[in-house]
Amino acid sequence: MQWILLETEQIPECFIQAVKQYTPLSSGIFAAQLLWQRGIKTELELASFVNFQSYQAASPFEFGQEMHLAVNRLKKAAISGEKIAIWGDFDADGITSTAVLWDGLGQFFIQHEQLTYYIPNRLTESHGLNLAGIDNLAQQDCTLIVTCDTGSTNIDEIIYAQKLGIDIIVTDHHTLPAERPPVTAIINPRYLPKEHPLFHLSGVAVAYKLVEALYETLPDVPQRPLEDLLDLVAVGLIADLVQLSGDCRYLAQVGIEKLQADYKKPVVERRRPGVGRLLELCQKSGDRPTDISFGLGPRINAVSRIQGDASFCVELLTSRDIQRCQELAEETELANTRRKSLQKDVQNQVLKKISQLDLSTTNVIVLEDPQWANGVLGLVAGQIAQETGKPTILLSTESGEDEPNKPQLARGSARSINGVDLYQLVNEQSHLLHRFGGHPFAAGLSLPVENIPLFTDAINQKLRQSLGGINLTPTVQADVVVTVADLGKDLFLELKLLEPCGMGNPVPKLLIKNCWFENAWHRNQQDIKGKKIQYIKTEFDIRDDSSKNPFPGIWWGHYKEELPTGKCDCIAEIDFNSFKKRYEIRLIAVRPSADLEVQTEKSAMILDWRNQDVSEFTVDDSILIIKDCPTTWEDVRAWLRKSVYKQQKLALAWAKPENQTPQEIWLTLVGVAKFISRKNQLVTRVQILEKLGISDPSLYLGFQALKYLGFTIERQDRYLQITWNEFINDTTKAENAVNQFLAALQEEQFQKKYFATVPISTIQAIAFNGLL
């Protein structure tokens, strides 16, 4: 993984002093550096960025004629008493969009009589309009559908609805079709210039603008303030990861303030008791964007991922029935815990398949499996894209047994990385697809199973051509360098100046150099019924030479043994844990310090376990040692648990033959290469040399032989990355290369035997300190 530290030009002292006015408890230098990096360079820009009260929001009628058409059609429906349906979507942006229209249009139409809503089932339907749903609404005598967060490209379904006498108003923010769809009105910010303050609105914000236009047109009708909807707008905006600039940032700022104000009220007085109960269950207080991105958003999304039908989430967000809201909130929480376990299962299966790929020649990862749960594929695809640096598409294939004559389809999700426009990339292969929709960073798609190989080859070739030989690698970006002494309340409040954070204004990433970890421990999370789930988190203390006091932190989804045991560099975010009432860091990435030769985690990764008996003995009453080596990783974990119980360090030791034959060394090298490839880890050249006990020229010949067996060896800084494609094998060239390697080893061993002056130890031991 490549680490990038942003460099900052000299910042004028006057700007630093301007920032300090907003951060009186600190120097303001870190916030000034971040703001300057992100284009905020004048006092006027700073005031507009920090204080939403000084921002002038854009009028909803900036959408022009389309907004007037929508408002006029809704006025006509109100006068004639028509029945209207809100067509939403099943993710957090779609659910909050539906809730905003339900509450907002509910001021003009009687809910459940004139106004209804429809949320597609994630597991049986796709994003967007569909014919079965339209038929359902037609049978309920609906004559107008207002979409939210969807509908822009559903041309066939729009025409079908028209034939049934149903008009359609589209409110959406996804990619536009080539021509304007045949609708009554389409309100989509992508029709606006990219520099327009409304351009980045998510679905919920577009829905809000429609309601705002109605409030301005018919000001005497509504009984509740328009601003009551802004807490829902903030949830959808932040959960959908849109760029928080212009009106997006303004709406999120005001909405978070509304969210926190409602949460602070007694339960019986809350406007949204369901939202309040969800915040309690995820141990948040509603005053931070992260309370949405890590709390409310994933829980709302989890319902459709696990159950398919997320319709009750609209009731959860809008109902005033406290008891009902508590029941729905707890059902949502349980869905989220089940989602975590399912996501972990699928992720493990995906990683196994990736281990069989040659990532050096793969630009877009495309994988499919009939057993994968479609609801979590987007989440896992996002994780894989982050870890590999490559756009990832994961597909679940239908069995085809129920309807043998029906074409078998694969359905799934795609996630982008490294600035690749995924929508354009996939859309260019539309002739191979059944359905497709989304935006440059994320998309959903379906295609006939028999088209998957063609699709995979075509999309990889297209991206390879556009990259022009550039190799995509995973990257993590740090914004500023801090020490452990800098961490705490003052730094947190200083960086809070940048909130709400999101795309275009990410959460500040802090680089902490030459630090180390203490008191690390991990545990499984539990659901609200006390049942353990697979998802792991590790807690620790971080230290460095800047302070005698440690600082607490957390690492989600990782075991404590994954923390390096020596000095290292890490990238983290600072946060406030409202449940524990403490400031802490959230670990993002960690690696051995660049100026140290670290041989802890890396060395352990190239051990080849042998099927020998295991025994133990103690050295100085402090080190538990396993003589020889166990057969499986599970055995190692068992010894680790024993060492933790006895509060002793753990080491592995094994006997190394004095005269290991060249053939045995070759087999060891192959085993090491397979292991490194399977674990997708990095290793130094020195570590391999020490493992094999050979010279550098001999290792070079060994690498040449490995390449003919399908291994690719690439250098990343001081480390080597080894990947393997078992289907690539040039037997003739491999045999010749192996013979050269063996001959070199024979010559080397001959020279060692007669010219070595220092005896080679027959025992090697590597201190694990609980690594596995």
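Mentor: We begin with the handedness of a crossing: a crossing is left-handed if the near helix is turned anticlockwise from the far one by less than a right angle, and right-handed if clockwise. This is a predicted model, in which local features need pLDDT of at least 70 and side-chain atom pairs count only at pLDDT 80 or more, while totals for chains, interfaces and linings use all residues. Residues are numbered from 1 along each chain as its sequence is written, and side-chain values use heavy atoms, with hydrogens and water left out.

Trainee: Which hand does the crossing of helix 14 and helix 15 have?

Mentor: The crossing of these two helices is right-handed. Helices here are DSSP runs (H or I, at least four residues), as are strands (E, at least two), numbered from the N terminus.

Trainee: At what angle do helix 14 and helix 15 pack?

Mentor: Two packed helices are described by the angle between their axes and the distance between the axes. The axes are lines fitted to C-alpha atoms, for helices over the stretch in contact, and angles run from 0 to 180 degrees between N-to-C directions. Helix 14 (residues 322–354) and helix 15 (residues 377–388) pack at about 50°, with axes 9 Å apart. Helix 14 and helix 15 are therefore oblique to each other; angles under 35 degrees count as roughly parallel, over 145 as roughly antiparallel, 65 to 115 as roughly perpendicular and the rest as oblique.

Trainee: Is Ser202 buried or exposed?

Mentor: Ser202 is buried, with a relative accessible area of 0%. Ser202 lies in the loop between strand 6 (185–187) and helix 8. Contact means heavy atoms within 4.5 Å; leaving aside neighbours within four places in sequence, the contacts of Ser202 include Asp93, His173 and Leu237.

Trainee: What is the phi of His112?

Mentor: Phi of His112 is near 75°, a positive value in a residue other than glycine. His112 is exposed, at 65% relative accessible area.

Technical notes. Buried < 20%, exposed > 50% of the residue type's maximum accessible area, 1.4 Å probe, protein only.
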